[in-house]
Amino acid sequence: MNNVFSSHRFLLMLRKEAADLRHKFIKTLLIAFGIGLFFFFLINYFKQIEAPESGEFEKVRLLIGTLVVLCNMLFAPFILYKRFNYRTVGVSHFMLPASQLEKWLSMFFYCIIVMPLLTIAALTLADLCLLPFYPMSGTSLWFLDGIATRAFGIMPLGFFLYLLLGQSLFFLCNIWLQSSKVQKTFAVLIIISVANGLFSRLLLELFPIADSSDMLNISVSIAESYQAGDAIQAIFGTRETWQIVSTFLTILIPMGVWYASFMKWKEQEL
C-alpha cells in the first residue's frame, strides 16, 4: 500500500472535498455572478449614454472581470479552507483516510484551478445574460473580445509570476495561522513590503545608480573600447541573462512558499 500518494485515494479525496465545499462554491458563484451582473450592466448603461463606440466599455468590463477572478484566486484558501485547522472544527479533516500529500494537493487543486475557473464561468454567465443589452461594439464575451486578446497578449510574464507569489503566500498563511487569518496575512504583506523597500534602499546606498552624464561617459568608453556590434551584443546579452535569472528566481520563490506550506501541513498532522 502506498502511504504517500495513491491516484484512487486522491480521486476519492477530491470527491469528498467537492461535496463538503459545494455550498461554498455555490455562494462564491452567486457572488461573482451578482458582481458581474451589476457592474457589467452599470458600465453598459453609462457607456450607452456617452460614446458607446469608444472601446472604454470593453476595457472597464475586462478590468472588472479580471479583478474578480484575481481576488477569488488570492482569497480562495480563506474562502474554502479557513476553518480546516481550527481545534474543534478541523479534527474531522485531519482524520480523513488520505495521506498528507493528497490532502494538500486537494486544497491546492481547488484553490488554484477550480476557484478561478468557477469565477470565470459565473462572470461569463452574467455576461451572457446581458449580451442582448450591450452596445453593438460589445457583443462578444468579456474575455474573448479584441481588447482582451491584446491585453493578455502584451501582459508581461512577471504579472502572472507575482500573482502566483501572492497566492502562495496566502496559501501558506492560511495553513500557518489559526485565528484572524486575513488580518494577520495583510500584516505579513505590510511587513514584507516595508522590508523590501528598506532592502532596495540599502542596495541603492551601497551601489548608487549613475546619473545620465555618467551613463553617457560609460557608453562612450564602451564604444571606444569595442566595436559597436560587440558592445550592443554585450549589453543585451547581460540584460537577457539578468532577465532569465530574475524570471527563474521569481518562479522558484512561489514553489518554495508552497513547499513551506506543505511542510507546515505535515507538522500539523503529526
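Q: Which side chain does D20 meet in a salt bridge?

A: This is a predicted model. Start with the general idea: side chains of opposite charge can pair when their charged atoms come close. Here, D20 meets K16, with 2.4 Å from N to O. Both residues sit in helix α1. They are four residues apart, about one turn of the helix.

Q: Are D20 and K16 buried or partly exposed?

A: Read the relative accessibility. D20 has 36%, so D20 counts as partly exposed. K16 also has 36% and gets the label partly exposed.

Q: Why does R9 count as buried?

A: The cut-off for buried is under 20% relative accessible area. R9 counts as buried because its relative accessibility is 13%.

Q: Which residue pairs with R61?

A: D127, through a salt bridge of 3.2 Å from N to O. R61 is in helix α3 and D127 in helix α5, so the pair ties together parts 66 residues apart in sequence. Both partners are buried.

Q: Now the nonpolar side. Which residues touch the most other members of the largest nonpolar core?

A: Membership requires burial and side-chain atoms within 4.5 Å. The largest core has 26 residues, and L80, Y81, M107 and Y110 touch the most other members. Elements giving two or more residues to this core are α1 (7-20), α3 (56-81), α5 (100-130), α7 (157-176) and α10 (228-269).

Q: What is Y81 in contact with, leaving aside its neighbours within four places in sequence?

A: The partners include M107 and Y110. Also among them are E17, L21, H93, C111, N174 and K181.

Q: Which residues does the second, separate core include?

A: That core has 11 residues, including A32, I43, F57 and V68.

Q: Which residues make the nonpolar surface patch?

A: For a patch, look for nonpolar side chains with over 30% relative accessible area. F38, F39, F41, L42, Y45 and F46 make one of about 590 Å². F38 lies in helix α2, residues 22-49. At 49% relative accessibility, F38 counts as partly exposed.

Notes
Residues are numbered from 1 along each chain as its sequence is written. This is a predicted model: local features need pLDDT of at least 70, side-chain atom pairs count only at pLDDT 80 or more; totals for chains, interfaces and linings use all residues. Side-chain values use heavy atoms; hydrogens and water are left out. Buried means under 20% relative accessible area, exposed over 50%, partly exposed in between (1.4 Å probe, protein chains only). Contact means heavy atoms within 4.5 Å. Patches are made of residues with over 30% relative accessible area and no salt bridge: like charges are joined within 9 Å, nonpolar side chains (Val, Leu, Ile, Met, Phe, Trp, Tyr) within 5 Å. Accessible areas come from the Shrake-Rupley method with a 1.4 Å probe; for residues, only the protein chains shown count as cover. A salt bridge is a side-chain nitrogen of Lys or Arg within 4 Å of a carboxyl oxygen of Asp or Glu.
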